[in-house]
Amino acid sequence: MTGGPPLSPDRVPTLTEVVAWPESGAAALSEGAMPPAAEASPDAGYVDADAPLAVPGAMLSEEQLAQRVLVDLQRQIDLMLDYRLREVLTPLLTRAADSIVREARTELASTLREAVSRAVAQELARHRGR
């Protein structure tokens with residue numbers, strides 16, 4: 001990725017060390033040009049989040065590392081959002097369901113009373129007509 005020979009293990013940059021980008025690579029990336037490897041492969045930007053972080057002899061590009069972090073972060077956010085939504089919505093949905101059941105029972109009881117009243121009135125009218 002750097003164009004030079006691979007770094008020896010004692011010269012691998014650490015997270016606290018500033019790494020200078022080669023001028024040609026930095027200029028091309030700042031102008032929005034895709035690196036040749038990314039242009040050649042249709043899924044060059046995709047990084048498997050389950051792949052091991054350190055592959056012997058290979059370094060991750062900044063884009064690949066960012067992609068991995070985003071995939072991991074998205075997974076964590078999805079789990080947290082799912083948990084929080086369930087936590088918040090469960091009591092609300094329970095109350096809504098209870099309210100719907102109460103209203104349905106009230107409507108059913110009212111409809112049943114009206115039906116029984118009509119049936120009794122019709123039966124009384126039939127008995128008076130005899």
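Glutamate 87 and arginine 84 form a salt bridge in which the closest N and O atoms are 2.2 Å apart. The model is a predicted one. In this model the protein chain has three helices and zero strands, and a search of the whole structure finds four salt bridges.

**The chain as a whole**

- Along the sequence, the protein chain reads α-α-α.
- Of the 130 residues in the protein chain, 3% are buried.
- The protein chain has an accessible surface of about 11500 Å², and carbon and sulfur atoms account for 63% of that surface.

**Helix 3**

- Helix 3 covers residues 62-128, which amounts to 67 residues.
- From its first C-alpha to its last, helix 3 reaches 94 Å, close to the 99 Å expected at 1.5 Å a residue.
- Where does helix 3 bend by about 35°? The bend is at leucine 89, and proline 91 follows within four residues.

**The nonpolar patch**

- A nonpolar patch on the surface is formed by Leu70, Leu73, Ile77, Met80, Leu81, Leu85, Val88, Leu89, Leu92 and Leu93.
- Together these residues have about 910 Å² of accessible area.
- Leucine 89, the site of the bend in helix 3, is one of the patch residues.
- Leucine 73, another member of the patch, lies in helix 3.
- Leucine 73 counts as partly exposed because its relative accessibility is 41%, and partly exposed residues fall between the 20% limit for buried and the 50% limit for exposed.

- Glutamate 87 and arginine 84 are three residues apart in helix 3, so about one helical turn separates them.
- Glutamate 87 is partly exposed, with a relative accessible area of 37%.
- Arginine 84 also counts as partly exposed, at 44% relative accessibility.

**Salt bridge between arginine 86 and aspartate 82**

- Arginine 86 forms a salt bridge with aspartate 82, and their closest N and O atoms are 3.2 Å apart.
- Both residues lie in helix 3, four residues apart, or about one turn of the helix.
- Is arginine 86 buried or exposed? Arginine 86 is exposed, because its relative accessible area is 56%.
- Aspartate 82 has a relative accessible area of 38% and is therefore partly exposed.

**Salt bridge between arginine 126 and glutamate 123**

- The side chains of arginine 126 and glutamate 123 meet in a salt bridge, with an N to O distance of 3.4 Å.
- About one helical turn separates arginine 126 from glutamate 123, because the two are three residues apart in helix 3.
- Arginine 126 counts as exposed at 51% relative accessibility, whereas glutamate 123 counts as partly exposed at 34%.

**Spacing along a helix**

- An α-helix has 3.6 residues a turn, so residues three or four places apart point the same way.
- Side chains of opposite charge can pair when their charged atoms come close.

Conventions. Residues numbered from 1 in each chain as written. Predicted model: local features only at pLDDT ≥ 70, side-chain atom pairs only at ≥ 80, totals over all residues. Heavy atoms only, no water. Patch = residues over 30% accessible without salt bridge, like charges linked within 9 Å, V, L, I, M, F, W, Y side chains within 5 Å. Areas by Shrake-Rupley, 256 points an atom, 1.4 Å probe, with all protein chains shown as cover. Buried < 20%, exposed > 50% of the residue type's maximum accessible area, 1.4 Å probe, protein only. Expected span 1.5 Å × (residues − 1). Bend = angle between axes of the 7 residues up to and from the residue.
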